[in-house]
Amino acid sequence: MTSYEAIFRRRSIRKYKNDEISPAMLEKIEKFGEDAIGIRPDIQVKWKIFHKEEHQLKGLFRVDAPYYVVLYSEICEDYRKNAGCLMEQLSLYLFTKGIGSCYQGGAKLKKDQEKDLELVMIMAFGYPAEPLERSYEDFRRIELKKLVTIRGAFGKVQRKLLEAARLAPSAMNRQPWRFVSSEDRIHLFVKKPGKLGYQTQQDFNLFDAGVALSHMLVTAEDQWFDLEYQKLDSILEKEFQNYVYVGSLLILNDSEKI
Ligand SMILES: Cc1cc2nc3c(=O)[nH]c(=O)nc-3n(C[C@H](O)[C@H](O)[C@H](O)COP(=O)(O)O)c2cc1C
């Protein structure tokens with residue numbers, strides 16, 4: 001199975017077997033993380049994988065799993081988006097190996113110091129003790145037409161990219177993203193942080209944006225679409241009431257003709 005296929009079958013796993021993952025597989029997982037390319041390869045990140053007995057977690061909505069992976073990042077513009085984009089690639093890769101995972105947005109490590117880096121996200125993983133997959137019909141997601149504003153032609157390339165983004169996981173399944181699609185580009189926006197409860201404390205919208213971007217980049221790689229991620233000055237200059245501009249994917253070739 002490919003990471004692209006995983007997009008249409010994955011689900012968060014919250015029940016795990018205690019089975020060990022082989023050292024060779026753990027090494028592959030580590031290497032995959034290190035080699036993954038996000039939207040900003042220049043941002044310094046660090047991965048750490050540990051067995052549950054090595055560290056204690058604290059915080060809300062924790063899932064008990066045999067393994068956890070932690071992603072630390074340099075704090076700079078785009079770092080949350082970049083981290084979401086990297087970690088979702090790892091999550092899809094794990095799925096292709098029969099390993100389940102679940103983001104732990106509310107969790108922290110009891111000891112988590114990494115000089116000059118911020119702990120952006122923890123993800124639980126291990127062999128599942130519940131179904132690893134679900135069918136396409138069982139995804140609880142907002143319909144594409146409610147997420148996308150279409151300006152101009154809407155072809156196969158746009159549909160494939162946006163359908164993959166629509167299925168992306170997000171904190172509390174809030175699906176904070178919205179898209180504007182035109183003939184040769186897709187602009188991505190996410191909701192501004194909420195004013196109530198959990199949303200004010202834990203703003204994961206930019207991390208979620210990175211997760212959705214990774215689904216589009218994985219799709220592009222699989223389907224041979226050439227994309228370029230850019231933040232366009234013409235949109236950055238604009239002020240939006242409820243949304244933040246994340247960036248745009250420029251569609252560089254017309255792969256539909258191949
Ligand atoms: C940034 C982020 C943080 C999340 N935090 C948690 C969490 O703390 N605990 C949890 O059980 N699930 C967490 N999730 C998983 C979401 O609840 C889940 O992805 C969403 O409900 C969609 O379900 P699915 O992943 O099965 O498609 C998180 C997901 C994301 C993307």
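Helix H7 (205-223) gives the largest share of the shell around the ligand, three residues. This is a predicted model, in which local features need pLDDT of at least 70 and side-chain atom pairs count only at pLDDT 80 or more, while totals for chains, interfaces and linings use all residues. Residues are numbered from 1 along each chain as its sequence is written. Helices (H or I, at least four residues) and strands (E, at least two) are DSSP runs, numbered from the N terminus.

**Ligand shell**

- Around the ligand stand 19 residues, of which Ser 12, Phe 61, Gly 105, Pro 169 and Asn 173 come nearest; a residue is near a molecule or strand if its C-beta atom, placed from the backbone, lies within 6 Å of it.
- At least two residues of this shell are supplied by strand E4 (100-103), and at least two by H7.
- By class, the shell comprises ten nonpolar, six polar and three charged residues. Here Ala, Val, Leu, Ile, Met, Phe, Trp, Tyr, Cys and Pro count as nonpolar, Asp, Glu, Lys and Arg as charged, and the others, Gly among them, as polar.
- Because domain 1 (3-126) and domain 2 (140-257) both give residues to the shell, the ligand lies between them.

**Domains and their contact**

- The protein is divided into domain 1 and domain 2, with bounds that come from an automatic or database domain assignment.
- Between the C-alpha centres of the two domains the distance is 22 Å.
- In domain 1, 20 residues are in contact with 20 residues of domain 2; contact requires that the C-beta atoms of two residues, placed from the backbone, lie within 7 Å.
- The side of domain 1 that touches domain 2 receives at least two residues from each of helix H1 (3-7), helix H3 (79-96) and strand E6.
- H3 provides the largest share of that side, nine residues.
- The classes on that side of domain 1 are ten nonpolar, seven polar and three charged residues.

**Strand E3 and its partners**

- Strand E3 (residues 67-74) is mostly covered, with seven of its eight residues buried. A residue is buried if 20 or more other C-beta atoms lie within 10 Å of its own, exposed if 12 or fewer, and partly exposed in between, with C-beta atoms placed from the backbone.
- Strand E1 (residues 45-51) pairs with E3 in the antiparallel sense over seven bridges; two strands pair if DSSP finds at least two bridges between them.
- Trp 47 has Leu 71 in E3 as its bridge partner.
- E3 also pairs with strand E6 (residues 117-126), in the antiparallel sense and over eight bridges.
- Val 69 has Met 123 in E6 as its bridge partner.
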